[in-house]
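Here is a short tour of one protein model, written for someone new to reading structures. Have a look at the picture, then follow along helix by helix.

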Amino acid sequence: MDTESKGLFDTLKPICVPLLKNSRLTPETIPNAANLLTDLLQVLKPISTPRLALPEGLIHYIFFPISGIIRQNDSTTIPDHIMERILDIITILLQSWWWIIEPAMRRTLVNFSSRCLPSGDRSVNGTENQRHEETQLAAVRCLWEILRDHSLDDGTPEEDKIIAAQKILEAKAISPPQLVFILSSLLLTSASDNFNLQITSLKCIQLLLDTYCGEDLTPTVMPGVISSLTRLLSRRQGKPRQRGDTVRECLRAVQTIIVLGIGDQVSNGVKILTAVAVLSLHGVDGISKSISHVLGPNGGIEKWGWNLLEGLELGTPNVFYTTPDADVFLLQSGPSDNITFPYFHMKHVPDSGAQATVANFFRSWGAAAGDEALFSVEWLVSYASKGSNTTEVSALWCASRLLEGICGQTLGETNQKKRIESYSTRLKQHARWLSKLISSLWEQDHETEDENIGGHARHEERDGNQLVEHVKGFQQIEKLLDLGKRAKPSNQAALREQQRVLYRALSLHLLALSSSILENRFSAMLLQALYPILHSFVSTDSFLSATAQSTLLHVTQASGYASPANLLLSNFDYALG
């Protein structure tokens with residue numbers, strides 16, 4: 001034994017020897033044991049941080065009288081103040097002990113600590129036997145030190161990480177029933193009004209989900225975990241909203257369990273979106289103000305936005321939209337009471353209810369952030385201006401849903417009242433910028449399309465050996481057209497065309513929302529905005545044509561015109577151009 005260890009042993013001996021003598025707890029020995037445990041804690045606290053600060057021999061020497069108390073007394077009869085000190089001592093010892101602890105001892109400590117936590121089963125421990133929250137906190141801290149990967153501490157050498165991997169592998173041998181019991185107990189302690197107990201419990205839940213549950217056990221515990229944590233998210237605990245730290249830890253845990261529950265078949269972005277959907281379904285909208293700052297200039301959307309866009313892949317529903325005759329529709333003089341925008345299909349979120357929930361989350365997010373979210377809308381639209389591929393389409397969809405929340409208008413929602421009495425100057429300026437940008441993007445896209453068509457025509461002219469089949473009669477042509485309507489994209493060219501249709505439809509969404517913000521002042525923007533709407537209205541794609549029809553009706557109402565005919569007559573020179 002080196003000199004330092006010898007000096008520490010000499011300090012510990014006057015504490016550990018009498019503590020062993022008082023290990024059988026009685027009314028007479030409890031005061032002595034409590035004082036000795038306090039003295040032991042005071043000695044150990046200064047040396048609790050460095051790894052292997054205590055040699056193995058001293059660890060066992062210290063734990064021997066502690067184990068005497070555990071062996072000689074029923075755990076339910078150990079007073080809270082004694083139990084709390086014991087758990088704190090074990091937690092300190094684990095800073096060094098974790099690296100050399102035997103599997104059997106680890107299981108003993110896990111069992112001992114978990115017995116101090118509340119149980120959802122009243123037959124295990126009723127409320128009259130429930131430990132004080134400070135004792136529960138000590139138990140959760142002890143579990144954290146037993147189960148966490150200590151190699152994640154700063155300054156851990158690479159060779160020690162190999163040892164740590166083996167220790168974690170041994171720790172994963174915990175039985176599923178015990179794991180479920182501990183997880184259930186932690187969900188109960190996470191609902192405590194004691195902030196330290198709440199946050200420590202949430203971190204421990206995250207640890208269990210991330211390291212120990214795995215994809216096999218996750219489906220079993222997923223409903224209970226999500227239900228408990230989302231209820232916690234909606235609690236105010238006497239404050240205007242839930243604490244930010246609580247929100248963050250709950251979101252991390254819910255995201256983790258859904259990622260595990262979904263598996264590896266779906267990209268990370270979609271997993272996040274699905275987590276968002278579940279949270280929104282359980283009422284996170286009410287506290288979204290505490291996460292709304294991430295949409296502002298300091299929120300870092302430039303970093304986290306990519307996963308979102310990559311995960312959100314949109315498509316058109318497998319339906320054919322019937323639109324009225326263009327001449328009849330454009331010349332009708334009466335207003336339209338029912339404006340229905342065609343809906344978008346999320347390829348990786350097949351349930352329509354979940355899709356609606358994702359959209360509602362973005363609306364609520366935008367409403368909570370207000371004008372601050374315009375930074376994210378601008379970033380998304382600016383990114384989308386670079387092309388019309390999958391991620392650019394996703395960017396326009398996200399921007400549209402956020403803008404719906406900001407301006408308090410949902411496209412296609414009937415009989416909705418204006419939820420915002422007056423819009424800020426900043427929002428109106430943004431709407432003008434958006435209208436001009438969308439119109440300019442449309443012209444660029446149209447020019448590109450014309451070039452592509454011309455290129456194909458020139459290619460066909462050069463190909464003198466191309467075989468052409470001549471088919472007589474309208475019946476054959478109609479069959480081919482019907483086949484085209486029902487056909488699904490099966491090649492890259494068709495997929496690109498579908499994305500272009502989605503891109504244009506979402507651009508119309510942004511024009512419609514801009515008209516909601518500017519109202520009758522949007523008339524000044526019709527010089528640029530009418531062309532995209534009318535060009536889409538006569539499109540051969542039913543989805544885009546139906547979207548353009550709804551956009552024209554929406555703009556008509558928002559701008560204060562009695563009908564589309566009145567709007568067109570008032571802006572005849574624009575429409576003709």
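## Helices side by side

Let's start with a pair of neighbours: the axes of α15 and α16 cross at roughly 155° and come within 8 Å. Since an angle over 145 degrees counts as roughly antiparallel, α15 is roughly antiparallel to α16. The crossing of α15 with α16 is left-handed. On the α15 side, the contact is made by L374, S376, V377, L380, V381, Y383 and A384. On the α16 side, the partners are T391, E392, A395, L396, C398, A399, L402, L403 and I406. Sort the residues of this α15 and α16 contact by class and you get 13 nonpolar, 2 polar and 1 charged.

By the way, what you're looking at is a predicted model.

How many of the 11 residues of α15 are buried? The count is 8, so α15 (residues 374–384) is largely enclosed by the rest of the structure. The buried ones are L374, S376, V377, W379, L380, V381, Y383 and A384.

Now stay with α16 (residues 390–407), but look at another partner, α19 (residues 492–518). The axes of α16 and α19 are 9 Å apart, and the two helices pack at an angle of about 20°. Angles under 35 degrees count as roughly parallel, and α16 and α19 are therefore roughly parallel to each other. Their crossing is left-handed. From α16, the residues that meet α19 include V393, L396, W397, R401 and C407. Waiting for them in α19 are residues such as Q499, Y503, L506, H509 and I517, which are among those that meet α16. The contact of α16 with α19 has 12 nonpolar, 5 polar and 3 charged residues.

Look back at L396: this residue is listed in the contact with α15, and it is listed in the contact with α19 too. E392, A399 and L403 also belong to the α15 contact, and each of those three turns up in the α19 contact.

A further pair sits earlier in the chain. Helix α5 (residues 103–114) and helix α6 (residues 133–147) have axes that come within 9 Å and cross at roughly 155°. That makes α5 roughly antiparallel to α6. The α5 and α6 crossing is left-handed. R106, L109, V110, S113 and S114 of α5 make the contact with A139, C142, L143, I146 and L147 of α6. By class, the residues of this α5 and α6 contact divide into 7 nonpolar, 2 polar and 1 charged.

| Helix pair | Crossing angle | Axis distance |
|---|---|---|
| α15 and α16 | roughly 155° | within 8 Å |
| α16 and α19 | about 20° | 9 Å |
| α5 and α6 | roughly 155° | within 9 Å |

## A few single residues

Zoom in on L186, which lies in helix α8 (residues 176–189). Is L186 buried or exposed? With a relative accessible area of 0%, L186 is buried. Leaving aside its neighbours within four places in sequence, L186 is in contact with L117, V140, S201, C204, I205 and L208.

C250 is another buried cysteine, with a relative accessible area of 0%. How many disulfides does a search of the whole structure find? The search finds 0 disulfides.

Next, go to the loop between α19 and α20, where you'll find E519. Most residues other than glycine have a negative phi. E519 has a phi near 55°, a positive value in a residue other than glycine. E519 counts as partly exposed, at 32% relative accessibility.

Further along, L527 is found in helix α20 (residues 526–537). L527 is partly exposed, with a relative accessible area of 49%. The C-alpha atoms of L527 and N571 are separated by 8.0 Å, and these two residues are 44 residues apart along the chain.

## Stepping back

Now zoom out. The protein chain has 23 helices and 2 strands. Of its 577 residues, 49% count as buried. Among contacts in the chain between residues at least 6 apart in sequence, 79% join residues at least 24 apart.

Technical notes. Residues are numbered from 1 along each chain as its sequence is written. This is a predicted model: local features need pLDDT of at least 70, side-chain atom pairs count only at pLDDT 80 or more; totals for chains, interfaces and linings use all residues. Side-chain values use heavy atoms; hydrogens and water are left out. Axes are lines fitted to C-alpha atoms, for helices over the stretch in contact, and angles run from 0 to 180 degrees between N-to-C directions. Helices (H or I, at least four residues) and strands (E, at least two) are DSSP runs, numbered from the N terminus. Angles under 35 degrees count as roughly parallel, over 145 as roughly antiparallel, 65 to 115 as roughly perpendicular and the rest as oblique. A crossing is left-handed if the near helix is turned anticlockwise from the far one by less than a right angle, and right-handed if clockwise. Contact means heavy atoms within 4.5 Å. Ala, Val, Leu, Ile, Met, Phe, Trp, Tyr, Cys and Pro count as nonpolar, Asp, Glu, Lys and Arg as charged, and the others, Gly among them, as polar. Buried means under 20% relative accessible area, exposed over 50%, partly exposed in between (1.4 Å probe, protein chains only). A disulfide is a pair of cysteine sulfur atoms within 2.5 Å.
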